[in-house]
Amino acid sequence: MSILVIAEHDNKTLNGATLNVVAAAQKIGGDITVLVAGSGAQAVAEQAAQVAGVSKVLLADNAAYANQLAENVAALVAELGKGYSHILATSTTTGKNILPRAAALLDVSMISDIIAVESAKTFKRPIYAGNAIATVQSDEAIVVATVRGTAFDPVATTGGSAAVEAVSDVQDAGISKFVSEEIVKSERPELTAARIVVSGGRGVGSGENYHTVLDPLADKLGAAQGASRAAVDAGFVPNDMQVGQTGKIVAPDLYIAVGISGAIQHLAGMKDSKVIVAINKDEEAPINAVADYWLVGDLNTVVPELVSKI
Amino acid sequence: MKALVAVKRVVDANVKVRVKPDNSGVDLTNVKMSINPFCEIAVEEAVRLKEKGTVSEIVVVSIGPKEAQEQIRSSMALGADRGILVETTDEIGALEVAKILKGIVEQEKPELILLGKQAIDDDSNQVGQMLGALLGAGQGTFASVVTVNGDKVQVTREVDGGLQTVELNTPAIITTDLRLNEPRYAALPNIMKARKKPLDVKSPADYGVSATTKLKTVKVEPPAERKAGVQVKSVDELVEKLKNEAKVI
């Protein structure tokens with residue numbers, strides 16, 4: 001078996017989510033090749049070559065791949081992917097954007113968001129916002145799948161010594177163009193990789209209160225900050241902080257849900273956390289049904305007290 | 001320009017689904033069905049573009065059982081002009097859906113093709129991207145802002161780090177994210193009018209698509225249950241539990 005893993009990166013650093021995909025690839029078994037498609041991405045290829053379990057790195061370095069435009073990268077993946085038994089990518093917005101396009105170019109069905117490898121052709125994935133787990137078998141010649149990072153422990157960033165091979169193939173569809181991006185800067189750990197996540201919902205009341213109440217708690221715990229869809233829609237925090245079926249999927253050691261009722265949509269994004277704490281004034285809140293510990297009270301007094309005592 | 005919108009009939013977003021005891025799937029008998037929330041946003045966006053004068057005609061298409069006519073009619077009540085139902089009772093995969101849509105696009109020749117970013121039942125998030133590949137068209141996935149400038153479309157996309165804006169040639173595929181717009185409610189007179197709008201019924205074979213999917217669902221299980229938690233009475237008790245029992249801080 002030969003597996004092609006699509007590296008996720010920003011042309012400088014290999015994104016940690018790629019390490020979880022390599023872990024899933026190891027469960028399938030076989031030779032693992034990592035494709036780095038980017039512009040000025042030599043450093044990323046070198047990092048990928050160090051990753052444990054990787055036997056080869058392909059570097060496609062061209063301006064056409066600078067911003068991970070799906071039209072160009074998917075064409076490259078489909079071209080290179082023909083010789084592999086599996087093509088895997090991260091379940092991030094980048095992976096979700098590119099991989100289905102590559103699968104259709106190869107005329108194969110794709111499996112989204114796998115959480116377990118049963119065999120080389122059989123996988124588990126959540127459906128209905130995580131309320132059911134489907135075991136799916138692919139009868140395609142090439143298995144194409146995205147991998148839910150939180151379901152696989154990342155492989156080590158060192159220990160590998162793969163050769164880096166340049167790919168000269170340039171796919172430029174010329175039908176799309178990068179215009180601009182607005183990346184939210186944060187000193188906190190990345191949400192999907194954090195050990196502790198502190199999330200706020202509609203109950204925090206306002207954007208100002210979100211920061212007044214939750215920032216000190218996140219600071220003290222070295223936690224990433226998340227939010228429910230209600231808090232994002234109300235404009236308290238930017239959308240990239242949304243945890244849920246339609247936002248990010250997290251599975252930290254500790255998830256603290258503050259002022260979050262616990263709609264199905266939100267639970268889909270966090271119910272695999274090891275320990276869940278809910279702080280809510282509503283005793284009947286659905287979040288309490290998945291929480292390990294819940295405290296009924298006013299978050300404006302409870303959270304500062306918690307900060308002072310940990 | 002012409003807009004084509006694809007909508008899917010799915011279990012209502014507020015329903016907590018149950019897995020069938022024989023693990024063959026999810027029990028959908030007597031469960032409330034609705035238009036997929038992301039598809040509703042796609043319809044709303046097309047209607048807004050029509051109200052601005054950018055779009056002249058909106059064609060809404062659904063692939064599924066006879067009952068999916070309800071979702072086409074409700075899209076018409078929101079402002080779509082006519083509908084196409086590709087009727088099938090088979091469980092059909094994303095690739096096959098994209099192939100049928102490709103056939104419809106080739107007949108209808110829309111400049112804008114709007115879809116939801118994912119259906120809340122299979123959670124695949126694939127069809128728009130696959131359709132882009134089959135048509136050789138550009139894709140603006142997870143759109144939160146759509147601006148049409150002549151024969152180009154600028155799409156602001158919700159990506160993991162924040163937002164990214166791309167410019168696409170038409171015909172372009174747009175898949176909607178939740179923050180693109182807030183769908184309106186259909187007024188009763190519009191619901192009455194929608195009943196008279198044209199709706200064609202087709203079959204997958206009309207578009208040369210026969211296979212249902214090469215992904216076989218072996219079984220469907222409920223997720224692992226979390227063990228019941230406890231209510232703590234004070235912050236002190238919570239801190240004590242987190243430190244000594246859960247050992248996470």
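Predicted model: local features only at pLDDT ≥ 70, side-chain atom pairs only at ≥ 80, totals over all residues.

I started with A:Asp219, which is exposed at a relative accessible area of 52%; my cut-offs are under 20% for buried, over 50% for exposed and partly exposed in between, with a 1.4 Å probe and protein chains only. Residues are numbered from 1 along each chain as its sequence is written, chains are lettered from A and ligands numbered from 1 in the order in which they are written, and side-chain values use heavy atoms, with hydrogens and water left out.

What does A:Asp219 pair with? I find a salt bridge to A:Arg188, with the closest N and O atoms 2.6 Å apart; the criterion is a side-chain nitrogen of Lys or Arg within 4 Å of a carboxyl oxygen of Asp or Glu. A:Arg188 sits in the loop between E11 and E12 of chain A and A:Asp219 in helix H5 of chain A, so this pair ties together parts 31 residues apart in sequence. Helices (H or I, at least four residues) and strands (E, at least two) are DSSP runs, numbered from the N terminus.

A:Arg188 also meets A:Asp215 in a salt bridge, 3.7 Å from N to O. A:Asp215 is in helix H5 of chain A too, so here the parts tied together are 27 residues apart in sequence. I get 22% relative accessibility for A:Arg188, hence partly exposed, whereas A:Asp215 is buried at 18%.

**Other salt bridges**

How many salt bridges are there over all chains? My search of the whole structure gives 31. One of them joins the side chains of A:Lys56 and A:Glu165 at 3.8 Å, N to O. A:Lys56 lies in strand E3 (residues 56-61) of chain A and A:Glu165 in strand E10 (residues 163-166) of chain A, so the pair links parts 109 residues apart in sequence. Both ends come out partly exposed: A:Lys56 at 29%, A:Glu165 at 40%.

Next I traced an open sheet of 6 strands, in the order E13(A)-E12(A)-E14(A)-E15(A)-E16(A)-E13(B), with parallel pairing. I count two strands as paired if DSSP finds at least two bridges between them. The edges are strand E13 (224-227) of chain A and strand E13 (230-232) of chain B, each pairing on one side only. From one strand to the next the twist averages 20 degrees.

At the chain crossing, strand E16 (residues 293-296) of chain A pairs with E13(B) over 3 bridges. A:Leu295 stands opposite B:Val232 there.

Which helices pack on it? Helix H5 (residues 207-221) of chain A touches E12, E13 and E14 of chain A, where contact means heavy atoms within 4.5 Å. Its direction makes about 175 degrees with that of E12(A); axes are lines fitted to C-alpha atoms, for helices over the stretch in contact, and angles run from 0 to 180 degrees between N-to-C directions. Helix H6 (residues 235-245) of chain B touches E14, E15 and E16 of chain A together with E13 of chain B, at about 170 degrees to E16(A).

I also checked B:Gly229, in the loop between strand E12 (215-221) and E13 of chain B. Leaving aside neighbours within four places in sequence, B:Gly229 is in contact with A:Ala291, A:Asp292 and A:Trp294.

**Strand E9 of chain B**

Is strand E9 (residues 162-169) of chain B largely enclosed or open? I find 6 of its 8 residues buried, so the rest of the structure largely encloses it. E11 (residues 176-183) of chain A joins E9(B) through 7 bridges, antiparallel, with A:Glu182 opposite B:Leu163. E8 (residues 152-159) of chain B also runs antiparallel to E9(B), over 8 bridges, and a hairpin through 2 residues connects E8(B) to E9(B). In E9(B), B:Asn169 is the bridge partner of B:Lys152.

**Chain B overall**

Last entry: chain B has 6 helices and 13 strands. Of its 249 residues, 51% count as buried. Its C-alpha atoms fill a box of roughly 65 × 45 × 40 Å along the principal axes.
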